[in-house]
Amino acid sequence: MKPFARLNDQLLRWQTISIVWAFVYTVVFTNFVFAQQQDWIQSWLFNGRTEASVRLGLQNQAEQKLTQLKEQCCLTEEQATKLKLAAAGDVNRFFHEVEQARKATKGLDQQNQNAVQEAWAVVSPLTTRLNAGLYDEKSLFAKVMSSTLDAAQIDEYKRLLAEQLERRHHAVVLTTVSTIEDSLPLIADQRKKLVELLDAQKVKGSQQQGMETYVGYAKLAKVPEAELEKLFDKEQMKVLKYLRERYAPIVQMVDR
Amino acid sequence: MLSPVMIRARWLFFQGLLLSSLFATKATYSQVPEPPQQVEAQQIKAQPVEAQPVEAQVAVQAVEVVGQVVVEEGFAVAEDAIQVFAMGVDGDPQASKLLSKVAVDNALVRRVCKLDAEQLKELDLMDAKWVKGKAAARKQAGNLAAGVLRVFAGPNLGGVQQDNPAEAASRVMTSYKTKLKEILKPEQFAVYEQNVKERDVFRCQANAECVVAVLEDRLSFNEDQRKELVKSLSEWSGIQKMQATLYFQNQSYIPNLPASALKALTPAQRKILDGMQKADFQFEMFNDGQEAIFIAQ
């Protein structure tokens, strides 16, 4: 029994040493490998989605936009083909920049705050573009459109965009009035007239991301006080005055 | 020499160590750090109520009764029970939010129900003190151990559960409506209910318009689709609690919407919609929490 027991002891010692080594190796190696393999673009820019699904989403959006343009601006087949190519160009250009950003963020040390900040500075503009949609006025799509469509088609397109912006602002006005009702009671007629008053106030152009939410309050701040006094009683006006003063500084930002 | 049991124990210990190290490493790298901008966005400044005016509406009568509500200078005017911007009820933001709801409805009742002097007096009793009393009621855990602990350690220990803000709001508003029903004549109460219903319908429509405006950016609707979508979304029960304007600020997200409300979409539009990221922004997340929340600007 004795030689067998010694052998068993020896084996156990070797086993223990090898397991400890395996543990150390696993921690060090996997840390290194994961750090190298981590795709920050997928985490930050795509919010966990795959590149293929984001690409497909963008292509579908372009397809949808084209379908709408065909219907509303009566595009010819030739115009549609050119625009389709332009949209594909925008998507390719975007993913080319994504690839550059991926290279710049490869092997990022997440413990190093400066490195994280620098990486984010690279990814952030892409996030903004992706969130806003790729086919804005700086896109190839927009440039090709302005050179391909005739004057009547362009006018029609501009009219459609203006209508869409107006609908967005109207939606914000409605939610603003609804939120105001959390602070002061409105009777049906007051609600209706307040919406009309706010809709009548115009703010310029498309808003930068985030500011659109304040369009309703900016319009409230722009309404002449006398107009509001015709609609609301003294106590209601206290709340409205408070809101108007509070949001007055926003008018300039929204009205750019 | 080690016994077989010890040998097995050591085996298991090291195997466990190895496995846990693997999991720990994977867990570390699956937790992606938030990008700086998102971290900033999460630092929504939850200001203590004492530090910044809450848009709580406090009946002036409530100020007199409770005497502890700090009213922002210049807003305390005595004629009516509408809204002054207060600093909260005893520093209790949840009660302040509830008081706000009650005060607004009190003011609505005054405007639409043509109350007599007696009714006005009774309405005034639903003030900050009343709201605080209703909001303070908390549920107690029903288990035996908690009951025994309460006997020895007092009512605040042994399984007293903190109230859920949504439940507290529901309880206060249910009590409010019950009390209101006692105060008002049936026809007056019907007028009040009609006005509340109109307000709720308006909110649903406003949120539905917002959602459609957000979706329109990506999906390009025609006029009929737009109208049908607004109608079906405003009839959907989930729309009322939605903080819809936040989807303008967070354009990469759209709300989770039920298929029943999206019948107007074409298969191609559904495909795009299905591929978009979803997030639910609701009022409870921002306004009805334990603390009044202000976004740092």
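This is a predicted model: local features need pLDDT of at least 70, side-chain atom pairs count only at pLDDT 80 or more; totals for chains, interfaces and linings use all residues.
Let me begin with the nonpolar packing, where the largest core has 66 residues, and where the residues with the most contacts inside it are Leu98(B), Val131(B), Cys210(B), Val211(B), Val212(B), Val214(B) and Leu233(B). The largest share of this core, 11 residues, is supplied by helix α9 of chain B, which runs over residues 186–219. If we take Cys210(B) and leave aside residues up to four places away in sequence, we find that Cys210(B) touches Ala171(A) and Thr175(A) from one chain, and Ala244(B), Thr245(B) and Tyr247(B) from the other.

Let me turn now to helix α7 of chain A, residues 151–180, which has 30 residues and reaches 43 Å from its first C-alpha to its last, close to the 44 Å expected at 1.5 Å a residue. Its buried residues include Arg168(A), His169(A), Ala171(A), Leu174(A), Thr175(A) and Ile180(A), and what covers the buried residues of α7(A) includes α8, α9 and α11 of chain A together with α9 of chain B.

Finally, there is Gln42(A), which lies in helix α2 of chain A, residues 40–45. Gln42(A) and Arg102(A) are 60 residues apart in sequence, yet their C-alpha atoms are 9.0 Å apart in space.

Methods
Residues are numbered from 1 along each chain as its sequence is written. Chains are lettered from A and ligands numbered from 1 in the order in which they are written. A nonpolar core is a set of buried Ala, Val, Leu, Ile, Met, Phe, Trp, Tyr and Cys residues joined through C-beta atoms within 7 Å. A residue is buried if 20 or more other C-beta atoms lie within 10 Å of its own, exposed if 12 or fewer, and partly exposed in between; C-beta atoms are placed from the backbone. Helices (H or I, at least four residues) and strands (E, at least two) are DSSP runs, numbered from the N terminus. Two residues are in contact if their C-beta atoms, placed from the backbone, lie within 7 Å. The expected span of a helix is 1.5 Å times one less than its number of residues.
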